[in-house]
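Student: I am new to this structure. Please take one part and walk me through it closely.

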Amino acid sequence: MAGSGRKPSSLTPAATLPVARVAVDVSLPHLDRPFDYLVAEQHDAAAVPGARVRVRFAGRLVDGYVLERTQRSEHEGRLAFLARATSAEPVLSPEVATLARAVADRQAGVLADVLRLAIPPRHGATERQPSPDPLAPPAPPDPSALARYVDGPAALQALAGGESPRLVWPALPGGGWPDEIAALAQATLASGRGAVVVVPDARDADRLDAAFAARLGAGRHIVLTADAGPAERYRRFLAVRRGSVQVVVGTRAAGFAPVHDLGLVVIWDDGDDLHAEPRAPYPHAREVLLQRAHLTGAGAVVGGFAVTAEGARLLTTGWARPLEPDRNALRAGAPRVTPLGDDAALARDPAARSARLPTVAWDAARAALGLGRPVLVQVPRRGYQPALSCAECRSPARCAHCAGPLGRSGRPDVTVPACRWCGRPAADWHCPECGSARLRAAVVGERRTAEELGRAFPGVPVATSAGDRVLATVAAEPSLVVATPGAEPVADGGYGAALLLDGWALLTRPDLRAGEEALRRWFNAAALVRAGADGGTVVVAAESGLPAVQALIRWAPAWHAGRELAARAELRFPPAARLAALTGAPAAVSDLLAATDLPAAAEVLGPVPAPGGHERLLVRVPPRDGAVLSAALKAAAAARSARKAADPVRVQIDPIELL
DNA sequence: TAAAATGCATGT
DNA sequence: CATGCATTTTAC
């Protein structure tokens, strides 16, 4: 102290609320809590709750957000001053701060990682520009906008009246859904509240953009997707945060959009795995939005042509109610569905063998083309991993111990199939459905469909839509449109027919959502086809006895979802259980597991080998223990990071891609 | 990446 | 067993 005067003496703390609680941008689990700093007079005005700041943390300068300003600190030691107040823009709203904390907790992850997903990078020049003035609330929509659903008009009236209905919405086929979502947002706006709508990809966001502009007029909604540049992205984010716009449409990160007075969250096609965030802590947009509705008391709509098992569970727990289609509207709108029968019949069909296009499908396509209408052909994507199923009845092969999917790591004649979850070999496997002991690998999709179709229908133009060359729309003219699932263009007036040729490749995929996922893709394609009364036909290359095929024929998504949920409950799969996947170096995984205070009901499956010399281990608990499990895993990870354990372990809650 | 805490060699 | 210097740890 006898030396030169030190810098704290040159700074004066702010007169009131001199302490800032700061969420520092540090991903270490044991440092995932607020840290207190003194606010110097010169930073007093800018360091408001929600503002970005820079602080000296363990020697280095890091970014952070002010969570709150307080008079005193609980911290025993000396407080450092904020190094600087980056800007006075309160980008982190209290509501989003609470949401991000809850999401981090559920995912056994760190707040800083969630905030990185929730808040776009700052763009200073943009921040200096004003955002537009907010518009007055619009008139509520005519309740008839949802007249095709039994309780649709009532739902709109409830939203307009400030209530918060929670709905699972099996959407009617056709192109009406973007306007129906726009009507839900309009009703919410009429109550003075805002809405957040999350869709799987930018193409769906574009469709909603058009529908919202048509229904709400200009300036009432904003699109938040990843593809805008940094300045534009920040400009739109600020317009939302400043309250200029109360309706947000976008992809998964838009689920965190800081909409003022949130009244409604909507997720469209929640079974699409694009809703699963690939970056830590791997939150799923549906879970983010449901958590948000829970925390804020906002309404929630889980919609899509298909219904997921998670959606069905919201109904069985009573958290949500169904928004049921009117029976007449369904009968009038759904296409006619023809299953192709078993594949023994296909094998005898010479047309199927030569052109790979069964006669039934060929006839349906020719009829539609004859009426001057386009035909959609859905083909599997390349690269499905072969999974094992019963050679007789095609049921997926499952482990007798934990019901995980069976796989084979090497040649069929030398290796024994083993469970991909717990690693147990399944040498004496027998099919629980039919008793057969023979296994077969899944059918792998073919790629030459477009050329072959061109030869089968000479003179008819063939377009493809897949991968990075995706078409948005096709004209109401005779053409063949070959598309992979998720890349189907919308046809003006609807397709005359759709041929769903990927039946077995979809149904025997190795993940536990195979049936649900196959049906979801079929529904999404079939919804683009004209109504049966208008000649619309869907041909599906799968056996009519399968529940997924039955659900398509009867257009009964909720029925299938209920069955799927029951099946998951039987097998103790999510959402009827909570799973945590721990992946990393073998020693690190066992170290983390040993440090975890597991709930009594926890079941440990594995470890099994994972790519890169890693191992993966699963922990399964009943749903009610989900929060306890996440907290225990987080605590164990914190203990590891505190003692500087080198190799990391990835923790994923209910990971979407369980092989 | 800065201060504090701890470790360690050196000289009495 | 102080002292000075190097290394490790903490994290406001």
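**A pair of helices and what follows**

Tutor: Start with H4 and H5, which are roughly parallel to each other. This is a predicted model. The axes of H4 and helix H5, residues 177–190, cross at roughly 30°.

H4 brings Leu156, Leu159 and Ala160. H5 brings Ala183, Leu184, Ala187, Thr188 and Ala190. Sort the residues of this contact by type: 7 are nonpolar, 1 is polar and none is charged.

Why do residues some places apart point the same way in an α-helix? An α-helix has 3.6 residues a turn, so residues three or four places apart point the same way.

Next, follow the chain out of H4. H4 covers 152–160, and a loop lies between H4 and strand E6 (166–170). Gly162 sits in that loop. Is Gly162 buried or exposed? Gly162 is exposed, because it has 12 other C-beta atoms within 10 Å, and a count of 12 or fewer means exposed.

For another setting, turn to helix H16, residues 514–526. H16 is mostly covered, with 12 of its 13 residues buried. Among them are Trp522, Phe523 and Leu519. Glu516, Glu517, Arg520 and Arg521 are buried too. The length of H16 also checks out: at 1.5 Å a residue it should span 18 Å, and its end C-alpha atoms are 18 Å apart, so the two agree.

Methods: Residues numbered from 1 in each chain as written. Chains lettered and ligands numbered in written order. Predicted model: local features only at pLDDT ≥ 70, side-chain atom pairs only at ≥ 80, totals over all residues. Helix = DSSP H or I, 4+ residues; strand = E, 2+ residues; numbered from the N terminus. Buried ≥ 20, exposed ≤ 12 C-beta atoms within 10 Å, placed from the backbone. Axes fitted to C-alpha atoms, helices over the stretch in contact; angles between N-to-C directions. Parallel < 35°, antiparallel > 145°, perpendicular 65-115°, else oblique. Contact = placed C-beta atoms within 7 Å. Nonpolar A, V, L, I, M, F, W, Y, C, P; charged D, E, K, R; others polar. Expected span 1.5 Å × (residues − 1).
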